[in-house]
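The entries follow in the order I took them.

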Amino acid sequence: MKLNAENRKTLLLLIPVLVVLIGYVLYPSIETLLESFRKNGLFSLQNYQDFFGTKAAANLEALWHSVYISLLSVLLSALIGIPLAYIFNRYDFPGRQFFSNIAIMPIVLPSLVGVMAFMFLYGEAGLIPNAIKDLFNLAEIPFSIGGVSGILLVHAYTMYPYFYMTTSSALNNIDPSLEEAAYNLGSSKTSVFRKVTFPLLTPGLVAASLLVFMVSMASFSAPFLLAGGYRVLSLQIYFSKVNGNLEMAATQSVILSAVSISFLLFMRWYQGRKDYRMASKGIGAHRSEVSNSVLKWCLVSLGIVAMIILLLPHATLLILSLVPEGGWTWQTYPQAFSLENFRLLFEDPDIWDPVKNSLIMSALACIGVFIFGIITSYALVKRSFIGKNLLDILVMIPWALPATVVGMNLILAFNQASPFSFGKVLVGTFWILPLAYFIRFIPLVVRSTSAVLEQMDDSIEEAAQNLGARWLYTFRRVVIPIIMPGVLSGTLLAFVQAVGEFPTSVLLYTIGNRPISIEIMNQLRQFNIGQAAAYGMIQVSLIAIVLFVAYKFLGVKSENTL
């Protein structure tokens, strides 16, 4: 069959996209599925019988705990994120913009570093419980986090920004004339919110719920440091892998993936039941000036309290990094502060190895997703071909798979030579982690780029071609500049997450490519708390610098990256 020019262009776009998705997403997933049906080299259902059998109650318990924690994390994150977004986006009061910027601060705190800060802030020897005990002359500390309550607290703190950011974005896109029309028809404020505003927020809330559920199912740092004896499935996979039981690790990975994908399909079904598009275009939401002075200062006080709570983990990390070794042992509070930890780190000739590794591996992954995201989004949004829905699902698979599962997929696929690894064994090499980061963050860039492409009118491209521009020239000089904000937003989020990545790294790292998060874990294991915190401050600083440069020079706001 002879292909016309348009079909040839589509084919040229699809070939590299399909090679990447089949080789590095589908093939590793199939390898994990096949491994879960192997027992001593033979096909068997024994692993699943072991998982669901009465002798392995720990696995079922871990599965239930993972689902239970994830559902509660969604609920708690929504209860914090939605009201904050509504207050900061619908009401105007002194300091609103400042408080609004502080509200996304948890996003610059990588997961492992955040958990460490929470341990020293609210743990048994934490600063807050001991300060309350001393302030009120109590016999013992009033509370301490740990187990499921600790995991939920950390999840609520680190994941509510997903609800805050998506709700803020959705509120700003609602046409105010719709709500005004409802008021003019005699509806009360509650009725307008319930019947007009909330339904229009549904797509954003569904996206945030999905994100929080999947991140929570894959959560590793909080259970790893806080769980105690509380089992979750992501930890069970890690322990099975460390104990050399790859067949059970593969089975646990398949079951964890099945739960995440089921939730994804359920939420898509829920979102697809109704049409949430607005019939008119407005100028965006307007804010109401708070005229009641009591209410105004109540909101300012609320903003100040929220700011203190949100910045406490960052302040704790800074304090820990300034406490010299031996300067805080049996005492309740640190006794001395210095730059000793930073001096010791900077005197170490190998200090920059984890930092350099993190930056190089994150940059390599982001260059990959930047190029791949543009090509894939353009093919999905602007070209017509058979199997487009299948390709869309394939792109979204890394989004649905927990990080520990992506790590297991890569171990099982690339612990032997294959055409997709160019005849080499990738496990144990430098390249396995950049590849893992690349796969994990494909959906972020494709989704943010597709959102911009869908808004681009086809007539813009057609006009350039009618003026004599070739397709490639039009793509380079017209399409790419228009979609660049979406591509950069997704790539920025991918970079920030890659620098703080831990669950995949802990399964795949070697001593030669260990990133900062693994070095922090190593320092914690050696009880070098100050140096671990100093590494954490370097990690947070790197993320803050990237966000600042992206905003200052590229105009990409971190709150627009979702």
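These are my notes on a predicted model.

**Record entry.** I began with UniProt. An unreviewed entry there lists "domain: ABC transmembrane type-1" at residues 63-267 and 355-550. I then looked at each span in the model. Residues 63-267 are 78% helix and 1% strand, and the end C-alpha atoms of that span lie 20 Å apart. Residues 355-550 come out at 78% helix and 0% strand, with 20 Å between the end C-alpha atoms.

**Salt bridges.** How many salt bridges does the structure hold? I found eight. Side chains of opposite charge can pair when their charged atoms come close. I went through several of them.

I took D50 and K39 to begin with. They form a salt bridge, with 3.8 Å between the closest N and O atoms. D50 sits in helix 2 (residues 46-52) and K39 in strand 1 (residues 38-39), so the pair ties together parts eleven residues apart in sequence. D50 is partly exposed at 27% relative accessible area. K39 is partly exposed too, at 23%.

Next I checked D92 and R96. Their side chains meet in a salt bridge at 3.5 Å, N to O. R96 counts as buried, because its 9% falls under the 20% cut-off.

Then I turned to E519 and R514. This salt bridge has an N to O distance of 2.7 Å. E519 is buried at 8% relative accessible area. R514 is also buried, at 13%.

I also noted a network of salt bridges that links E340, R343 and E347.

**Nonpolar patch.** Which residues make the nonpolar surface patch? I listed L18, I22, L26, I30 and L34, and the patch covers about 360 Å². I30 lies in helix 1, which runs over residues 5-36. I30 is partly exposed, with a relative accessible area of 40%.

**T474.** My last stop was T474, in helix 20 (residues 471-499). Is T474 buried or exposed? T474 is buried, with a relative accessible area of 0%. I looked up its contacts, leaving out residues up to four places away in sequence. T474 touches E461, A464, Q465, A469 and V479.

Technical notes
Residues are numbered from 1 along each chain as its sequence is written. This is a predicted model: local features need pLDDT of at least 70, side-chain atom pairs count only at pLDDT 80 or more; totals for chains, interfaces and linings use all residues. Side-chain values use heavy atoms; hydrogens and water are left out. Patches are made of residues with over 30% relative accessible area and no salt bridge: like charges are joined within 9 Å, nonpolar side chains (Val, Leu, Ile, Met, Phe, Trp, Tyr) within 5 Å. Accessible areas come from the Shrake-Rupley method with a 1.4 Å probe; for residues, only the protein chains shown count as cover. A salt bridge is a side-chain nitrogen of Lys or Arg within 4 Å of a carboxyl oxygen of Asp or Glu. Helices (H or I, at least four residues) and strands (E, at least two) are DSSP runs, numbered from the N terminus. Buried means under 20% relative accessible area, exposed over 50%, partly exposed in between (1.4 Å probe, protein chains only). Contact means heavy atoms within 4.5 Å. UniProt positions are given in the numbering used here, feature names are shortened, and annotations may be inferred rather than shown by experiment.
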